[in-house]
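Let's take a friendly walk through a structure together. Have the view open and look up each residue as it comes along.

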Amino acid sequence: MEQRCAQVLNEALLEIFERRDDVYLLGEDVLDPYGGAFKVTQGLSTRFPDRVLTTPISEASLFGVAAGMALRGYRPILEIMFGDFVALGFDQIVNGIGKFREMFDDQVTLPLVVRTPMGGRRGYGPTHSQSLEKLLLGVPGITVVAASECHDLRALLSEAVDDDEPVFFVENKLMYGRTQRRPENGYVDGLRCVESDGRYPSLTFSGSDAGGGSATLATYGGMLPIVLEAATRLILEHELFTEVVVLGRLHPLELEPVLESVARTGALVTVEEGTRTGGVGAEIAARVQEAAWDDLHRPIERVAARDGIIPAARTLEDAMLPGVDDVVAAVMAVEGVRG
Amino acid sequence: MTATEQLYERMYFIRRFEETLLDLFSAGKLVGTTHTYIGQEANATGIIAHLDPDRDVVFSNHRCHGHYLAFTDDAYGLLCEVMGRADGVCGGKGGSQHLCNGNFYSNGVLGSIVPVATGIALAERERGAGAVTIAFLGDGTLGQGVVYESLNLASLWSLPILFVLENNFYAQSTPSALQIAGDITARAEAFGIETAHLDTTDVAVVEREAAQVVQRVRDTGRPFFLVIDTYRFSPHSKGDDIRDPAEIEERRELDPLLVAGARLDEATRGSLERACEERLAEVVDRALAAEAA
Ligand SMILES: Cc1ncc(C[n+]2csc(CCOP(=O)(O)OP(=O)(O)O)c2C)c(N)n1
Ligand SMILES: [Mg+2]
């Protein structure tokens, strides 16, 4: 049955609330009939009125409130309306949520989930369009999960709630309206798709059944459809095969699927929607060259947003954010060097 | 032991513990930082006397040793923590400002603890076991915006939390006059939170008033904001005092140990103090001999 990702996440929340009575959801405008800015919490407050709390617009405190609940044995889910507003919670994230377990010598755990949509391409402008997950990568003690439309979103969110570590569950605004596409008989849109084992799996797509090709494209979250489209275009227009690794867990980084793929392709292109400097791609690149120097036959390429703001005007926003053409060009560049 | 004796003994032990820390620092046996509670002992002692450590929760701040000792009585765990010993209550990972033991927590980022304590109070409201959560803050911390977000949340959601503002009139080197506009209790009242304001270093008064306040939070399940005017005799941290020595001397007349000690006969006081000294000496010896973390 075809379902939009927002609806899948919504059903997942209902299931989780049904399954566990220690789960609470806090967020702005989450009550019915509104059901959250992106409608992910629709129906939840009607079914579980005591465990869905609509909050004042107090993000800086809400991260701490969630931490307090988690310290005392509950499993709060905090919905942050726009990923950009994670910035308001940084003290709590860096000096509390990420630290308490280790700083208190493992006497406590913080089983909380922060759900938030990142990403642009909707013309929301500079403060409602960013992909800030890279800022979370530098914070020890938290887990950052990136949801994509090809992930089993129900399982992913469920695992995040069951996790005893604090999990930042990064959603994507465009993903909400797209159909969840799970592999059927191991294929998505004609690309072979292999899922890694364990929590928050990564997905490895390959254009040819034999695997390998010109390069490994490492990406995550909302960039998935763009990168898959680029991979398809590279096959159709340039007869270049690639592998695409869609990471499920950005932090601590699950590198294994990337390394396995690079061992087959010999080249790496990282693709992210956030700005380039100090990005997810930079971290992946550093780790891959540390771990697999001998497998790399070419310099690593990074595709990312330009270092700047995300303008509101469609034309300007498009110029700012990486698109299919940029991914194709990066793979061609890798090929060019090789040729 | 009478109640008066107990309160005195607790205050005296906290005082001597903190003085000992400063001595150990001077002797080079401690590194890092510390913020001692010298002069403010009546607050922790008088308030925490009304808590049940198995049920109630305390979230403290950078100046947390007095609160910790009053709540847990774990002097060895605290000293080892500050000294970087493996037996420290957080294995030496937290140090002076970052403690956790049972229902006690502290963190050193000013204001940061207030939302977390608010979340704890929300959790405890949901659990319904009648726990009271206390967040201790200083006057300087009133500069942090999250404090007001949390006051709003605590009132809006009817949370059983007691905010205790220990107003010692300074934040590090900065006097209140350079930091705080308007009226402190009015800030909490604006959120529909009941307040009380005490200007005392008498532990008997704090204890008596706190009994009512803690019970009020327990009965109503509502937040309460208690301001206690107090004074610290020790430097903010170690050796960083620029206050007028005459001002400090004048305040010494209100030293909580003097005030409470005057109610005990000399023999009783002497024997309480000796017992504290013996206990402390033993704690120091053990901590000095303990393994590094
Ligand atoms: C966010 C933050 N800013 C600055 C500091 C450094 N600092 C530690 S204690 C302190 C003064 C605090 O004053 P107050 O809240 O009145 O508490 P008191 O020290 O008087 O007990 C300062 C500035 C800090 N720990 N956290
Ligand atoms: Mg102060």
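This is a predicted model: local features need pLDDT of at least 70, side-chain atom pairs count only at pLDDT 80 or more; totals for chains, interfaces and linings use all residues.

Helices (H or I, at least four residues) and strands (E, at least two) are DSSP runs, numbered from the N terminus. Residues are numbered from 1 along each chain as its sequence is written, chains are lettered from A and ligands numbered from 1 in the order in which they are written, and side-chain values use heavy atoms, with hydrogens and water left out.

**Where the chains meet**

- Contact means heavy atoms within 4.5 Å, and 31 residues of chain A are in contact with 36 residues of chain B.
- Chain A and chain B bury about 2,500 Å² between them, with 60% of it on carbon and sulfur atoms; buried area is the accessible area (1.4 Å probe) that two parts lose on being put together, summed over both.
- Arg72(A), Met103(A) and Phe104(A) supply 26% of the area that chain A buries against chain B, more than any other three residues.
- The rule finds 2 salt bridges across this interface, a salt bridge being a side-chain nitrogen of Lys or Arg within 4 Å of a carboxyl oxygen of Asp or Glu.
- Glu124(B) forms a salt bridge with Arg72(A), and their closest N and O atoms are 2.7 Å apart.
- Several elements of chain A each supply at least two residues of the side that touches chain B, among them strand 1 (23-27) and helix 4 (90-97).
- Helix 3 of chain A gives the most to that side, with 10 residues.

**Aromatic pairs**

- Rings of Phe, Tyr and Trp (its six-membered ring) pair if their centres lie within 6.5 Å; planes under 30 degrees apart count as stacked, over 60 as edge-to-face and the rest as tilted.
- By this rule, the count comes to 16 aromatic pairs over all chains.
- The rings of Phe38(A) and Phe82(A) have centres 5.5 Å apart and planes at 75°, so this pair is edge-to-face.
- Phe38(A) lies in the loop between strand 1 and helix 2 (44-47) of chain A, and Phe82(A) in the loop between strand 3 (75-79) and helix 4, 44 residues apart.
- Both Phe38(A) and Phe82(A) are buried, where buried means under 20% relative accessible area, exposed over 50%, and partly exposed in between (1.4 Å probe, protein chains only).
- Ring pairs also link Phe38(A) and Phe82(A) with Phe85(A), Tyr124(A) and Tyr176(A) into a cluster.
- In chain B, the rings of Phe163(B) and Phe225(B) have centres 6.2 Å apart and planes at 40°, so this pair is tilted.
- Phe163(B) sits in strand 5 (residues 161-167) and Phe225(B) in strand 9 (residues 224-229) of chain B, 62 residues apart.

**Backbone details to look for**

- A cis peptide bond joins Asp32(A) and Pro33(A), with omega about 5°.
- A cis peptide bond also joins His251(A) and Pro252(A), with omega about -5°.
- Glu239(A) is not a glycine, yet it has a positive phi of about 55°.
- Glu239(A) counts as exposed because its relative accessibility is 67%.
- Ser158(B), not a glycine either, has a positive phi of about 50°.
- Ser158(B) is in the loop between helix 6 (145-156) and strand 5 of chain B, and with a relative accessible area of 28% it is partly exposed.
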